[in-house]
Amino acid sequence: MKIVVLDGHTLNPGDLSWETLEALGECAIHDRTPAERVVERASGAEIVLTNKTPVSAEAIGKLETLRYIGVLATGYNIVDVEAARRRKIPVTNVPSYGTRSVAQMTFALLLELTQRVGDHARGVREGGWARCPDFSYWEHPLIELEGLTMGIIGYGRIGRAVGELARAFGMKVLAHKPTPPREVSAGVRFAGLEEVFSQSDVVSLHCPLTEETRHLVNRERLARMKSSAFLLNTSRGPLVDEEALAEALKAGRLAGAGLDVLSREPPPAEHPLYGARNCFITPHIAWATRAARIRLLSEAVENVRAYLRGESRNVVG
């Protein structure tokens, strides 16, 4: 049994162990694999695991021994699932390993926007407090969350976890999901998209990327938002029209944005949001706490074990 991991570095840069996977067969673990080397490296393998390295229809067609593809993430758009289906190759993902970590990062971005901890700490280090004639100073408005409205677009596991944190901060929660759940947590009200954008003090994105949700946040919806509102995206970069967001921030039509994802990753050096006012961008790390990565690796191995037993577990598509 040959198992190939195409791009294991982001999941395990050296602080985790591959032992549980290695116990299942002969393993070749690559830190990164360019798209043009996928066929070469996966040749002869029955099982291929990938995070962000594309497994295309062309590659699937050339890998004669391939029987299983495991995605080391929740999103699986990097695999041509239809081509795999035609070959009766199951494709699996790991759907819920990072719920709490992503919710935590969502609030880390929001708290940076409302408290500006990094900016004030930097100012202190640079001598701003030492030079201050008063016992206290602030360089930006400080905003209390209690009583504000958190708009959550996408109310799956992560959306619900963000809603719980929002309620713990005393925020009102306005949520949108195409089909609202029958049971709704106390303090959560469901509404249409336009109401969420126009009535929320914070809009946080937690929906999947589809053709319908691409550029969900566009010029028209940004224009509906309060000028004092914040936009958060810890879901998928292409949910946001980044040119339109940059324009809104630069013009002061939006108070700020916190983004852990962009439409192109890594982004180009001339990305329009780099110069945008009150825009905090982190390098797609919401998923990457050690606790979440341990769960991800464990679940991915369990998916492989299930396949070897002839069982279906977390099969997508």
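The model is predicted: local features need pLDDT of at least 70, side-chain atom pairs count only at pLDDT 80 or more, and totals for chains, interfaces and linings use all residues. Residues are numbered from 1 along each chain as its sequence is written, and side-chain values use heavy atoms, without hydrogens and water. Helices (H or I, at least four residues) and strands (E, at least two) are DSSP runs, numbered from the N terminus.

**The seven-stranded sheet**

- Strands of a sheet pair through backbone hydrogen bonds, either parallel or antiparallel.
- Here seven strands form an open sheet with parallel pairing, in the order β8-β7-β6-β9-β10-β11-β12. Two strands pair if DSSP finds at least two bridges between them.
- The edges are β8 (188-190) and β12 (279-281), and each pairs on one side only.
- Neighbouring strands of this sheet are turned by 15 degrees against each other on average, direction ignored. Axes are lines fitted to C-alpha atoms, for helices over the stretch in contact, and angles run from 0 to 180 degrees between N-to-C directions.
- Helix α10 (residues 242-250) packs on the sheet and touches β10 (230-233), β11 (256-259) and β12. Contact means heavy atoms within 4.5 Å.
- The direction of α10 makes about 140 degrees with that of β11.
- Four bridges pair β6 (residues 149-153) with β9 (residues 202-205) in the parallel sense. Ile152 has Ser204 in β9 as its bridge partner.

**Strand β3 and its partners**

- Strand β1 (residues 2-5) runs parallel to β3, joined by three bridges. Ile3 stands opposite Ile47.
- β3 also runs parallel to β4 (residues 68-71), joined by four bridges. Leu49 has Gly70 in β4 as its bridge partner.
- From β3 the chain crosses through helix α3 (residues 57-62) to β4, in a right-handed β-α-β crossover. With the strands pointing away from the viewer, right-handed means that the path from the first strand over the helix to the second runs clockwise.
- In a regular strand the side chains alternate between the two faces of the sheet.
- In β3 (residues 47-50), Ile47 and Leu49 point one way, Val48 and Thr50 the other, and all are buried. Buried means under 20% relative accessible area, exposed over 50%, partly exposed in between (1.4 Å probe, protein chains only).

- The peptide bond from Glu265 to Pro266 is cis, with omega near -5 degrees. Pro266 lies in the loop between β11 and β12.
- Lys88 is not a glycine, yet its phi is positive, near 60 degrees. Lys88 sits in the loop between α4 (81-86) and β5 (91-92). Lys88 counts as exposed because its relative accessibility is 74%.
- His215 has a positive phi too, about 55 degrees.
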